[in-house]
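I opened the model to look up its charged pairs and its helix packing. My notes follow.

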Amino acid sequence: MNHRQRADMEFVLPDAADADSPLKADELQVLRAQYEKEGYYVGVQTKFNYAWGLIKSSSRNEQQGGVRLLSDIFRNAPERRRECLYYLALGNYKLGNYAEARRYNDLLLDHEPANLQAGSLRSLIDDKVAKEGLMGVAILSGVAIAAGVVGGMLFRGAKRR
């Protein structure tokens with residue numbers, strides 16, 4: 001991972017927003033080629049690296065593939081679970097699976113409360129949930145109003161008969 005540098009020359013840790021900068025196609029191809037070369041005996045580190053590259057992708061299918069690979073590592077390599085938590089949270093966030101993203105991120109924060117990346121991701125998840133929650137309320141309100149208008153018209157029509 002690269003570190004971003006501010007104009008005042010202060011280094012900052014990468015945050016969740018860095019996931020929106022996908023690898024170049026040839027960089028992802030290097031990871032894919034190594035993963036495919038190892039075949040059935042693919043190593044955990046190779047699988048993790050490829051999953052990381054897929055999570056960073058802007059392609060939904062590739063992101064889903066990355067989450068699948070990380071889930072496999074999480075299940076089968078207990079010594080690597082902590083490393084997987086952040087990227088599972090990030091991958092699910094990018095896919096819009098906010099409940100899953102929050103669950104993985106909260107597990108990481110339970111073990112590492114001072115983890116800045118996980119704290120940054122928590123804010124992004126909370127913002128998306130709040131934004132989509134408000135949008136859902138607005139949609140439901142609009143549906144309720146429309147149903148009330150239609151119901152009122154039907155009721156008036158039935159009364160006139």
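Arg102 is partly exposed at 31% relative accessibility, where partly exposed lies between buried (under 20% relative accessible area) and exposed (over 50%), with a 1.4 Å probe and protein chains only. This is a predicted model, so I kept to pLDDT of at least 70 for local features and 80 or more for side-chain atom pairs, while totals for chains, interfaces and linings use all residues. Residues are numbered from 1 along each chain as its sequence is written, and side-chain values use heavy atoms, with hydrogens and water left out.

I then looked up the partner. Arg102 forms a salt bridge with Asp126, with 2.4 Å between the closest N and O atoms; the criterion is a side-chain nitrogen of Lys or Arg within 4 Å of a carboxyl oxygen of Asp or Glu. Asp126 sits in helix 6 (residues 116–160) and Arg102 in helix 5, so the bridge ties together parts 24 residues apart in sequence. Helices here are DSSP runs (H or I, at least four residues), numbered from the N terminus. Asp126 is partly exposed too, at 32%.

I counted the salt bridges: the structure holds 8. Lys47 and Asp72 form one of them, at 2.4 Å from N to O. Lys47 is in helix 2 and Asp72 in helix 3, 25 residues apart. Both are buried.

I noted Arg80 with Glu83, again a salt bridge, with closest N and O atoms 2.4 Å apart. Arg80 is buried at 14%. Glu83 is partly exposed at 28%.

Next came the helix packing. The axes of helix 2 (residues 44–56) and helix 3 (residues 60–76) come within 7 Å and cross at roughly 150°. Axes are lines fitted to C-alpha atoms over the stretch in contact, and angles run from 0 to 180 degrees between N-to-C directions. Helix 2 is therefore roughly antiparallel to helix 3, a label for angles over 145 degrees. I listed the contact residues (heavy atoms within 4.5 Å). Among them are Phe48, Ala51 and Leu54 of helix 2 and Gly66, Leu69 and Ile73 of helix 3.

I looked up helix 4 (residues 81–95) against helix 5 (residues 98–111). Their axes come within 8 Å and cross at roughly 155°. That makes helix 4 roughly antiparallel to helix 5. The contact includes Leu85, Ala89 and Tyr93 from helix 4, and Ala101, Tyr104 and Leu108 from helix 5.

Last, helix 1 (residues 25–38) packs on helix 2 at about 145°, with the axes 9 Å apart.

Definitions and conventions. Helices (H or I, at least four residues) and strands (E, at least two) are DSSP runs, numbered from the N terminus. Angles under 35 degrees count as roughly parallel, over 145 as roughly antiparallel, 65 to 115 as roughly perpendicular and the rest as oblique.
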